[in-house]
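Please look through the sequence and the structure shown here before reading on. The paragraphs that follow go from the chain as a whole to single residues.

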Amino acid sequence: MRLPEEPDIPPQINIVPMIDVIFALLTFFIVSTLYLTRSEGLPVNLPGANTTQSQPQSQVVITLNAQGGIFVNQQPTPLNNLAQQVQALTQPTNSALV
């Protein structure tokens with residue numbers, strides 16, 4: 001009695017488990033090297049703040065309309081007074097020093 005011949009399947013190497021092992025080893029070495037590093041530096045005494053008062057920020061908005069009018073913070077201003085008015089609005093106040 002003759003049995004039917006089965007086709008020969010070429011041998012294969014399944015590399016999926018090998019890839020899993022390699023990723024596990026890679027993860028181990030990455031995590032272990034994170035614990036080996038030391039942050040070596042000079043000790044520095046940083047200054048601390050005594051007060052935490054925020055300084056107000058002043059914003060100056062200059063607008064030109066279609067007729068050529070100049071407005072500083074929505075107030076009409078002639079062109080020759082523009083520089084003086086902007087300087088007056090941007091000058092720091094001395095109230096913070098008191």
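Predicted model: local features only at pLDDT ≥ 70, side-chain atom pairs only at ≥ 80, totals over all residues.

Which residues does UniProt list for "transmembrane region"? The unreviewed UniProt entry gives residues 15-36 under that name, and such positions are stated in the numbering used here, with feature names shortened and with annotations that may be inferred rather than shown by experiment. In the model, this span is 95% helix and 0% strand, and the C-alpha atoms at its ends lie 32 Å apart.

Residues are numbered from 1 along each chain as its sequence is written, and side-chain values use heavy atoms, with hydrogens and water left out.

The secondary structure of the protein chain comes to 2 helices and 3 strands, where helices (H or I, at least four residues) and strands (E, at least two) are DSSP runs numbered from the N terminus. Read from the N terminus, these elements follow the order α-β-β-β-α. Of the 98 residues in the protein chain, 4% are buried; buried means under 20% relative accessible area, exposed means over 50%, and partly exposed lies in between, with a 1.4 Å probe and protein chains only. The accessible surface of the chain is about 10,300 Å², and 60% of that surface belongs to carbon and sulfur atoms; such areas come from the Shrake-Rupley method with a 1.4 Å probe, and for residues only the protein chains shown count as cover.

On the surface there is a nonpolar patch, whose members include I13, I15, M18, F23 and Y35, and its residues together have about 1,200 Å² of accessible area. A patch is made of residues with over 30% relative accessible area and no salt bridge, with like charges joined within 9 Å and nonpolar side chains (Val, Leu, Ile, Met, Phe, Trp, Tyr) within 5 Å; a salt bridge is a side-chain nitrogen of Lys or Arg within 4 Å of a carboxyl oxygen of Asp or Glu. One member, I13, sits in the segment before α1 (16-36), and I13 counts as exposed because its relative accessibility is 77%.

Turning to the loops, G69 is found between β1 (62-64) and β2 (70-72), and it counts as partly exposed because its relative accessibility is 23%. Leaving aside residues up to four places away in sequence, G69 touches T63 and L64, where contact means heavy atoms within 4.5 Å. The C-alpha atoms of G69 and L79 are separated by 8.7 Å, although these residues are 10 residues apart along the chain.

The loop between β2 and β3 (75-76) holds N73, and Q74 lies in the loop between β2 and β3 as well. N73 is not a glycine, yet it has a positive phi of about 50°; Q74, which is not a glycine either, has a positive phi of about 65°. N73 is partly exposed at 33% relative accessibility, whereas Q74 is exposed, with a relative accessible area of 72%.
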